[in-house]
Amino acid sequence: MTSSARPLLNRRLAEFGTTIFAEMSALALRTGSINLGQGFPDTDGPEEIREAAVRALRDGRGNQYPPGPGVPELRTAITAHQERRYGLSYDPDAEVLVTAGATEAIAAALLALVEPGDEVIAFEPYYDSYAACIAMAGGTRVPVTLRPADGSFRLDLDELRAAVTDRTRLLLINTPHNPTGTVLTREELTAIAELAVERDLLVITDEVYEHLVFDAAEHIPLATFPGMRGRTVSIGSAGKTFSFTGWKVGWVTGTPDLVTAVRSAKQFLTYVASGPFQYAVAEALSLPDSYFDAFRADMLAKRDVLATGLTEAGFEVFRPAGTYFVTTDIRPLGPDLSQNGDGFAFCRALPELAGVVAIPNAVFYDHREAGAPFVRFAFCKRVSVLEEAVGRLKKLAG
C-alpha cells in the first residue's frame with residue numbers, strides 16, 4: 001500500500017489501461033470460443049526458416065547479445081529486399097536498425113523524434129500502440145478519420161491538410177492499414193508526400209503488411225516519392241510476412257541521421273533482442289518471389305472465406321484490400337443482436353451468442369462514436385477454423 005494519494009500510473013498512460021486484446025483473448029479462453037480477435041496466425045511459417053533459427057541456436061549465433069544495430073546478415077538482407085521490391089537503396093551499416101518487432105520501432109521512432117507539445121497526425125482507427133507511444137513521447141495526437149465509402153474506408157485529403165498546424169511535427173502513416181484493410185493509392189500517397197514536403201514534416205510509415213495486398217491494390221512505400229526519402233522513417237516486420245509473430249523481429253530504414261536518432265531511443269528500450277531469429281529472418285527475406293506470391297494467395301482465399309461468411313451471417317462487410325483483418329458494421333444484424341450498434345457490448349456478448357471472439361474497432365478511435373458500430377475479425381487462421389467460425393456466426397442470421 002502506498003502512503004500517498006497520488007495515482008501510481010503516470011498521467012500520460014492513465015487513459016490506456018489493459019489492452020482490449022488481453023480482455024478478449026481471456027474471454028475466448030474462458031468461453032472456449034474461436035478467437036478471431038488478436039491478429040496472430042495459428043500455423044507456423046516456412047519450415048526451412050524455422051530450421052534456420054534452430055541452426056543458428058545450435059551454431060551459437062545470436063545466443064549472446066547481437067550487435068546493437070542488428071546482425072550484419074539481416075541488415076544486408078533488409079537492404080536487398082528494399083532494393084529488389086521497391087528500388088530503394090539503403091546502406092546496411094548506416095541506414096538500417098533492427099528492432100524488437102515493429103511495435104518497438106514505432107515507440108523508438110516517436111520517442112526519438114517527438115518533443116513534448118509536438119502534434120502527431122495519425123489516421124484513425126489506428127493500432128492501439130500509436131496513441132500510447134505518442135503519449136509517452138509527450139506529443140499530442142491529432143486523429144484524421146478514415147470514413148466508410150463505397151465498401152472501404154477512405155482518407156479525406158482536405159481533412160488531412162486542415163489538420164496540419166504550425167505545431168505539427170510528424171505524420172504517422174499505416175498502409176496497408178490495420179484495422180480497416182485500406183491500402184492508400186498512388187494518388188493519395190502523392191498528396192501526402194507533397195503535403196509533407198510543403199510543410200516540412202517528418203513521416204513514420206508502418207508497412208508491416210506490405211506483402212499482404214489483394215485484388216488491384218498495390219503497396220507503394222512513401223519513401224519512393226519525391227522529397228520523401230530524407231524525411232521518412234520506414235518500418236517493416238518479419239512477423240506478419242513469415243508467420244513467426246513471437247520472434248519479434250522488426251526494422252527501421254531511413255537516412256543516417258534519422259536512423260541514428262531512432263537508435264538513440266531504441267538502445268534504452270530493449271538494447272537488442274531476438275538474436276538467433278535475426279539470422280533466420282535474413283534467410284526468409286531472401287526467399288524467392290514464389291513464397292510471397294503463395295503467401296498472399298493463401299491469405300486472399302482465407303479473406304474470401306471469412307468475408308463471404310460474414311456477409312451471409314448478416315454483417316455489412318468491408319472487404320479489405322490488405323492486411324489480414326475484416327472490418328464489419330454490426331447494425332444490419334438489428335438492434336437486439338447488435339446491442340444497439342454498440343461494438344463493445346456486441347463483442348462481449350458474441351462468445352455466448354456464437355462462440356466467436358472479435359475486437360470492437362472503437363478502441364482504435366479517439367472519436368469513439370465514429371467507430372462504435374464497427375467490429376474487426378482476423379482471418380489469419382486455418383481454413384477449417386474460419387469455416388467453423390462462419391458456421392457459428394451464421395446462426396445469428398437464423
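Strand S7, residues 168-174, pairs with strand S8 in the parallel sense, over five bridges. One of the pairings to find on screen: Leu172 has Ile204 of S8 as its bridge partner. How does the chain get from S7 to S8? It crosses through helix H7, residues 186-198, and this β-α-β crossover is right-handed. Keep in mind that this is a predicted model.

Now the other neighbour. S8 also runs parallel to strand S9, residues 232-237, and four bridges join the two. Here Thr205 has Ser234 of S9 as its bridge partner.

So much for the partners. Next, S8 itself, residues 202-206. Is the strand buried or exposed? Five of its five residues are buried, so the rest of the structure largely encloses S8. Look at the side chains. In a regular strand they alternate between the two faces of the sheet. Leu202, Ile204 and Asp206 point one way. Val203 and Thr205 point the other way. Both sets are buried.

Let's move to helix H14, residues 383-393. Which of its residues are buried? Val385, Leu386, Ala389, Val390 and Leu393 are. Look down the helix axis: the buried residues of H14 fall within an arc of 135°, so they line one face of the helix.

And what covers the buried residues of H14? Two helices are included in the cover: H11, 289-312, and H12, 343-354. Strands are included as well: S1 at 34-35, S13 at 356-357 and S15 at 374-378.

To recap: S8 pairs with S7, S8 is joined to S9, and H14 has its buried residues along one face.

Conventions
Residues numbered from 1 in each chain as written. Predicted model: local features only at pLDDT ≥ 70, side-chain atom pairs only at ≥ 80, totals over all residues. Heavy atoms only, no water. Buried < 20%, exposed > 50% of the residue type's maximum accessible area, 1.4 Å probe, protein only. Pairing = 2+ DSSP bridges. Right-handed = clockwise from strand over helix to strand, strands pointing away. Arc of directions from axis to C-beta. Contact = heavy atoms within 4.5 Å.
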